[in-house]
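Reader: Could we go through this structure together? I would like to begin with the overall layout and then turn to single residues.

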Amino acid sequence: MTTVTLPTVPPPPQSRGTASALPLPGRYTVAPGRSLVELTAWYGPLPTRRRRITLASAALTVPDDSERPALRFEFEGLDRADAPVALTSEDIEPLDGGRQLQLTGDLELRGILFPALLRLRVVERADDRLLVVGTARLPYRLLRRATGFRLGLLRPATRLRLLVAAEFA
């Protein structure tokens, strides 16, 4: 009788939780020209206004210890008051095996924080790079009441969609 030793299959790597969908620990930014931001106003099923917005800066911080990753987008030209507009999140949750990220954060508009949910699809991930595309849907009436943000008198809207595409490297 012969004894055969079969190679052992290593167990699957431990899930790093949120970090599995993110690059290695470090601080990542978006280079100029490597992003797209668009604001669309919707009235029921119809888009009533669509315009591009400038992404002033974006930063993703992936810590190496037990701290939470943080994401910050800063926009220019979103508000007529020329006040800084930023979308920040420290609650990043992976979905669908790390192919999607759900960010719960705040949209800072005119010094007021408005809660926002941003869902990102991970298009490409490497150890030093992350390419994402996602949307945040915001109720226009609540946003207008809370912050005073207006699209204009002749632009009806029930909700806004903020589309973000960025390459962090």
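Author: Along the sequence, the protein follows the pattern β-β-β-β-β-β-β-α-β. Please note that this is a predicted model.

Reader: How many helices and strands is that?

Author: The protein has one helix and eight strands.

Reader: What do the eight strands form, and in which order do they run?

Author: They form a closed barrel that runs E1-E2-E3-E4-E5-E6-E7-E8, with antiparallel pairing. Neighbouring strands of this sheet are turned by 25° against each other on average, direction ignored.

Reader: What holds paired strands together in general?

Author: Strands of a sheet pair through backbone hydrogen bonds, in either a parallel or an antiparallel sense.

Reader: Which residues of E3 are on its covered face, and which on the uncovered one?

Author: Strand E3 covers residues 70-76. Leu71, Phe73 and Phe75 make up the covered face, while Ala70, Arg72, Glu74 and Glu76 make up the uncovered one.

Reader: You mentioned Leu87. What is its bridge partner in E5?

Author: That partner is Leu107. Strand E4 (residues 85-95) and strand E5 (residues 100-109) pair in the antiparallel sense over nine bridges.

Reader: Now to E6 and E7. How many bridges do they share, and what joins them?

Author: E6 and E7 pair in the antiparallel sense over eight bridges. A hairpin of two residues joins E6 to E7. Ala126 stands opposite Arg129 in E7.

Reader: And how many bridges link E7 to E8?

Author: E7 and E8 pair over ten bridges, also in the antiparallel sense. In this pairing, Leu163 of E8 is the bridge partner of Thr135.

Reader: Where does the helix sit?

Author: Helix H1, residues 140-147, lies across E5, strand E6 (112-126), strand E7 (129-139) and strand E8 (159-168). H1 runs at about 85° to E7.

Reader: Back to Thr135. Is that residue buried or exposed, and why?

Author: Thr135, which is found in strand E7, is buried because its relative accessible area is 19%, and buried means under 20%.

Reader: Which residues is Thr135 in contact with, leaving aside its neighbours within four places in sequence?

Author: They are Leu117, Leu118, Arg119, Arg161, Leu162 and Leu163. Leu163 is also the bridge partner of Thr135 in E8.

Reader: Changing topic, how much space lies in the second largest pocket?

Author: The second largest pocket holds about 160 Å³ of space. There are 13 residues in its lining, and the closest to its centre are Leu117, Arg119, Thr135, Ala136 and Arg137.

Reader: Which elements give two or more residues to the lining of that pocket?

Author: E6 and E7 do. The largest share, seven residues, comes from E7.

Reader: What about Gly33: buried or exposed, and why?

Author: Gly33 is placed in strand E1. With a relative accessible area of 71%, Gly33 is exposed, because exposed means over 50%. Gly33 and Leu55 are 22 residues apart in sequence, and their C-alpha atoms are 9.2 Å apart in space.

Reader: And Leu22, where is its place, and is Leu22 buried or exposed?

Author: Leu22 lies in the segment before strand E1 (26-43). Leu22 counts as buried because its relative accessibility is 1%. From Leu22 to Leu131 there are 109 residues in sequence, with 9.9 Å between the C-alpha atoms in space.

Methods:
Residues numbered from 1 in each chain as written. Predicted model: local features only at pLDDT ≥ 70, side-chain atom pairs only at ≥ 80, totals over all residues. Heavy atoms only, no water. Pairing = 2+ DSSP bridges. Helix = DSSP H or I, 4+ residues; strand = E, 2+ residues; numbered from the N terminus. Axes fitted to C-alpha atoms, helices over the stretch in contact; angles between N-to-C directions. Contact = heavy atoms within 4.5 Å. Buried < 20%, exposed > 50% of the residue type's maximum accessible area, 1.4 Å probe, protein only. 1 Å grid on protein atoms, 1.4 Å probe; cavity = no way out; pocket = protein on both sides within 12 Å on 5 of 7 lines; lining within 4 Å. Points joined across faces, edges and corners; volume = space filled by probe spheres on them.
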